[in-house]
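Subject: Structure handover

Hello,

Here is the structure we talked about handing over. Please open it first, then read my notes below with it on screen.

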Amino acid sequence: MSSAGTFRLFVYGTLKRDGRRHPFLAQQHCLGAARTRPLYALLDLGAYPGLVTCPEGEAVEGELYEVDRELVSSLDEVEGAPELFRLAPVEVEDVAGPVQAYFYQRDVFGRARCPSGRWDNVPGRARDDA
């Protein structure tokens, strides 16, 4: 359970430990690997992935962090919130209580899904389209 000054954040892309935006979370407490319930799709947006709610969903793999609430404005800025991504509740397997994630906000028509609900940060995806 999070304390009053923190919240739990599920990350699935560039904020993960191997991602180029992980420095924003590097000083936060990593609670470990996590998976969502099978209610979502993870889209391949080129340089980064995007999480969306999906009726034909699958489980999405990522990491769970306990994050200081003071970081929300910095995270919102790096994630392009609220236009590109928006912080909202997400259901994570075997985790009781609230968890938040950044959900993609733009049109998803024609966007490919990431295989198996997993995003791998690789050097070839270093361009920054956000």
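The largest nonpolar core has 35 residues. A nonpolar core here is a set of buried Ala, Val, Leu, Ile, Met, Phe, Trp, Tyr and Cys residues joined through side-chain atoms within 4.5 Å. Buried means under 20% relative accessible area, exposed means over 50%, and partly exposed lies in between (1.4 Å probe, protein chains only). The residues with the most contacts inside this core are Leu-9, Phe-10, Tyr-12, Leu-25, Leu-51, Phe-85 and Val-90. The elements that give two or more residues to the core are β1 (6-11), β3 (40-44), β4 (49-53), β5 (61-68), β6 (85-89) and β7 (100-104). Helices (H or I, at least four residues) and strands (E, at least two) are DSSP runs, numbered from the N terminus.

Two notes on the source. This is a predicted model, in which local features need pLDDT of at least 70 and side-chain atom pairs count only at pLDDT 80 or more, while totals for chains, interfaces and linings use all residues. Residues are numbered from 1 along each chain as its sequence is written, and side-chain values use heavy atoms, with hydrogens and water left out.

Now some single residues. Start with Tyr-12, in the loop between β1 and β2. Tyr-12 counts as buried, at 6% relative accessibility. Contact means heavy atoms within 4.5 Å. Leaving aside neighbours within four places in sequence, Tyr-12 is in contact with Leu-42, Pro-49, Gly-50, Leu-51, Val-60, Glu-61, Gly-62, Phe-85, Tyr-102 and Trp-119. Tyr-12 and Gly-62 are 50 residues apart along the chain, yet their C-alpha atoms are separated by 4.3 Å.

Phe-85 is on that contact list. Not counting residues up to four places away in sequence, Phe-85 itself touches Tyr-12, Leu-45, Tyr-48, Pro-49, Gly-50, Glu-79, Gly-80, Tyr-102, Phe-103, Tyr-104 and Gln-105.

Phe-7 sits in strand β1. Phe-7 is buried, with a relative accessible area of 5%.

Arg-35 is in strand β2 (residues 29-35). Arg-35 counts as partly exposed, at 36% relative accessibility. With residues up to four places away in sequence not counted, Arg-35 touches Phe-10, Ala-59, Val-60, Glu-61, Val-92 and Glu-93. Arg-35 and Glu-83 are 48 residues apart along the chain, and their C-alpha atoms are separated by 25 Å.

Next, the cavity search. Over the whole structure, 1 cavity of 30 Å³ or more is found. A cavity is a set of points, on a 1 Å grid over the protein atoms alone, where a 1.4 Å probe fits but cannot get out; lining residues have an atom within 4 Å of a point. Grid points are joined across faces, edges and corners, and a volume is the space filled by probe spheres set on the points. The largest cavity has a volume of about 120 Å³. It is lined by 14 residues, and the closest to its centre are Tyr-12, Gly-13, Thr-14, Leu-15 and Glu-79. β1 gives the largest share of this lining, 3 residues. The lining divides into 10 nonpolar, 2 polar and 2 charged residues.

Cys-30 is partly exposed, at 25% relative accessibility. The sulfur of Cys-114 is 13 Å from the closest cysteine sulfur, in Cys-54, again too far for a bond. Cys-114 is buried, with a relative accessible area of 4%.

Last, the backbone. The peptide bond from Ala-81 to Pro-82 is cis, with omega near 0 degrees. Pro-82 is in the loop between α1 (72-79) and β6. Asp-94 is not a glycine, but has a positive phi of about 60 degrees. Asp-94 lies in the loop between β6 and β7 and is exposed, at 83% relative accessibility.

Best wishes

Notes. A disulfide is a pair of cysteine sulfur atoms within 2.5 Å. On a 1 Å grid over the protein atoms alone, a cavity is a set of points where a 1.4 Å probe fits but cannot get out, and a pocket is an open set with protein on both sides within 12 Å along at least five of seven lines; lining residues have an atom within 4 Å of a point. Ala, Val, Leu, Ile, Met, Phe, Trp, Tyr, Cys and Pro count as nonpolar, Asp, Glu, Lys and Arg as charged, and the others, Gly among them, as polar.
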